[in-house]
Amino acid sequence: MEESLTLLETIKRQFGCGEVDIRTYSPLTLAYIGDAIYDLVIRTVVVERANRSANKLHKTVIRYVNAGTQARMITALEEELTEEETAVYHRGRNAKSYTSAKNASIADYRKATGMEALLGYLYLRGETDRLLMLVHRAFDKLEMEI
């Protein structure tokens, strides 16, 4: 029987990536990959739920992939985070970024960066189930439907 690999494991294997202690990554590096993973999750859900034009898909996705929504999501989740997850979130939230969101407050942008750092951390640890559960729980708590 063929071994089932996660996307991360497949990428590492195909591109010859070595093992790295992700605790050494900067919080902004974690947020960088976390932003992409969150975007991929939301885009996947939107596409799987409705075959629409690219323009309509984009308009749906941008309602969820923005600093304001992400800030509300992480605020709703904070009580459910483990001590380790909270520490990663705080590192991301408190990181000094040289960019800012176009349509969000500094506070929302920092919270969103913290959430992205947490998602990046979970992804790189191979904790995809936990990552997806947190995103799903946040949507449930905010009573949002994609």
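Select arginine 137 first. At 30% relative accessibility, arginine 137 is partly exposed (buried is under 20% relative accessible area, exposed over 50%, partly exposed in between; 1.4 Å probe, protein chains only). This is a predicted model, where local features need pLDDT of at least 70, side-chain atom pairs count only at pLDDT 80 or more, and totals for chains, interfaces and linings use all residues. Residues are numbered from 1 along each chain as its sequence is written, and side-chain values use heavy atoms, leaving out hydrogens and water.

Arginine 137 sits in helix H7 (residues 128-141) and glutamate 80 in the loop between helix H4 (67-77) and H5, so the pair ties together parts 57 residues apart in sequence. Helices are DSSP runs (H or I, at least four residues), numbered from the N terminus.

Next, lysine 141. Glutamate 80 forms a salt bridge with lysine 141 too, with the closest N and O atoms 3.0 Å apart. Shared partners join Glu80, Arg137 and Lys141 into one network.

Now pick glycine 34, in helix H2 (residues 27-49). Glycine 34 is buried, at 0% relative accessibility. Show its contacts (heavy atoms within 4.5 Å): Glu116, Leu119 and Gly120, not counting residues up to four places away in sequence.

Finally, colour by pLDDT, the predictor's confidence in each residue, from 0 to 100. The protein chain has a mean of 92. Helix H5 (residues 83-94) has the highest confidence, at 97.

Definitions and conventions: Helices (H or I, at least four residues) and strands (E, at least two) are DSSP runs, numbered from the N terminus. A salt bridge is a side-chain nitrogen of Lys or Arg within 4 Å of a carboxyl oxygen of Asp or Glu.
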